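Work through these exercises with the sequence and the model open. Try each task before reading its solution.

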Amino acid sequence: MKYIIALILGLLVGAAVFAVGVIYNPFVLDRGLSPLAVTGAEVLALNFSVIPSDAIVFTNNGESRQKPYPEKVLQLWEAPIRHTSTMATVLRDARSQTTGIGVKFSSLSEQTRLLEGEALVDSVWYLYLPGRGSLFMEQSENYWKFLRQVGLPAYQSSANSWKGSWLGDLTVGPGALGTARVTGGTGTLQGLQMEGLESLSARAFSVEEGPIAADGRLLIELPAAADDSAVEAATE
Amino acid sequence: MLKTFIIGIVLGLVATAAGLHTYPVVDQKREPSIVSVAANGGNVESFHVKVPMDRIMIGEPGRKVPLPVGLEWPEDSMLQNVRIELFKIRNARDTVVGVAARTAADDGPTQVIDWVVHLPARGSVFVNMSPEPVEGGYRVGKLRAGSREFGSLNGSLTERWLPDTSGEEDAPQGRIELVTAFVGDPDAL
């Protein structure tokens with residue numbers, strides 16, 4: 001009997017050691033600076049809040065940490081969309097002026113590989129910027145670094161929360177340089193193929209509610225060959 | 001006994017690694033695609049939205065009865081000519097398989113009608129519709145971009161409003177029918 005108990009204890013310790021090893025895996029690479037952060041091209045910057053109650057609408061399966069908003073919004077409980085969230089939000093420029101409206105669909109990715117430090121989300125943005133046109137942005141996001149540096153400390157805290165300053169890029173593809181693929185739909189941006197990036201700036205996180213103070217930002221690199229009027233309109 | 005404990009640790013390490021490697025952390029539920037082949041090539045697939053039960057949001061200025069209850073549309077003048085609706089999307093078997101956004105906006109001389117359909121297990125499509133409906137009440141749009149499964153496709157999407165004529169008490173008001181006709185890039189062959 002004591003051998004069986006020793007074996008079970010060993011199994012539990014082994015599993016725990018492995019889990020700690022995965023979480024603190026030093027071989028998970030930090031991609032560092034995004035190529036869009038050092039580009040010389042014109043960049044369109046769109047800011048938004050990632051807090052559900054700041055959005056126009058946020059909904060998911062209703063069982064996740066982030067609660068749907070408004071409270072009575074239809075929830076995505078059906079099996080094929082149970083791992084999906086939907087948000088409609090106002091987009092603002094650097095001066096906090098309304099620039100447009102964005103709809104984001106996010107689904108947990110089957111490509112997630114925790115062993116390789118990848119907690120992936122497949123997402124698309126639809127961006128409508130009055131006077132400029134519409135954009136579609138497709139991307140894979142990796143939340144591993146955020147979970148390790150913000151989520152885990154929040155769990156370890158006696159207050160079940162985290163406060164600090166965390167800034168990181170979420171986009172890891174599908175572009176070769178880890179950027180999102182952006183397509184212009186209508187208006188002055190029609191037909192343009194661009195690259196984009198979503199980043200997150202977090203200041204407070206709660207285990208129960210998720211992000212409490214956090215902002216998102218979309219950066220879209222406008223192509224050099226674009227019509228000058230389009231670039232001026234998009235960056236003014 | 002120490003030897004057994006150490007063997008347990010090794011087994012625990014191996015079993016956890018094998019488990020994480022073998023079993024997917026995320027497993028999206030898939031509904032089989034119901035596809036037919038178009039006469040001129042390409043795959044045709046039909047989706048629909050039951051109105052009002054599949055409506056998640058109607059976002060537009062000045063709406064007296066907000067949907068969902070409690071929704072506050074931004075009062076910014078920039079968004080006065082914009083209407084965005086969010087829906088659940090059903091396949092031909094009437095099973096919810098995704099979510100979608102429809103945007104209608106007057107942008108000066110340009111009228112914009114865009115659809116984004118997101119099917120979690122497959123990918124997303126972005127379609128610009130022609131504002132003027134064609135014969136039969138259809139509106140036709142061109143696939144501008146797609147992600148994952150739809151990333152390399154070309155084609156079109158049609159939308160049509162079909163009012164309910166069943167007369168049943170709990171029947172929907174009608175449905176928005178979306179039909180996609182996509183074909184692969186011939187250059188890729």
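## Exercise 1: layout of chain B

Task: give the order of the elements of chain B from the N terminus on.

Solution. The elements run α-β-β-β-β-β-β-β-β-β-β. That comes to one helix and ten strands. Helices (H or I, at least four residues) and strands (E, at least two) are DSSP runs, numbered from the N terminus.

Two notes before going on. This is a predicted model: local features need pLDDT of at least 70, side-chain atom pairs count only at pLDDT 80 or more, and totals for chains, interfaces and linings use all residues. Residues are numbered from 1 along each chain as its sequence is written, with chains lettered from A and ligands numbered from 1 in the order in which they are written.

## Exercise 2: overall form of chain B

Solution. Next, take the extents. The C-alpha trace of chain B spans about 80 × 50 × 40 Å along its principal axes. Last, check burial. A residue is buried if 20 or more other C-beta atoms lie within 10 Å of its own, exposed if 12 or fewer, and partly exposed in between; C-beta atoms are placed from the backbone. In chain B, 35% of the 189 residues count as buried.

## Exercise 3: helix H1 of chain A

Task: which residues of H1(A) are buried, and how are they arranged around the axis?

Solution. The buried residues are A:Gly10, A:Leu11, A:Gly14, A:Ala15 and A:Phe18. Seen down the axis of H1(A), they fall within an arc of 130°, so they line one face of the helix. The arc is that of the directions from the helix axis to the C-beta atoms. On the other side, A:Lys2 and A:Val20 are exposed. The cover over the buried residues of H1(A) includes helix H1 (2-22) of chain B.

## Exercise 4: backbone exceptions

Task: locate the cis peptide bonds at A:Pro174 and B:Pro52, then the positive phi of A:Ser96.

Solution. A:Gly173 and A:Pro174 are joined by a cis bond with omega about 10°. A:Pro174 sits in the loop between strands E8 (171-173) and E9 (180-184) of chain A. From B:Val51 to B:Pro52 the bond is cis, with omega near 15°. B:Pro52 belongs to the loop between strands E2 (43-51) and E3 (55-59) of chain B. A:Ser96 is not a glycine, yet its phi is about 65°. A:Ser96 counts as exposed because it has 8 C-beta neighbours inside 10 Å.

Conventions
Contact = placed C-beta atoms within 7 Å.
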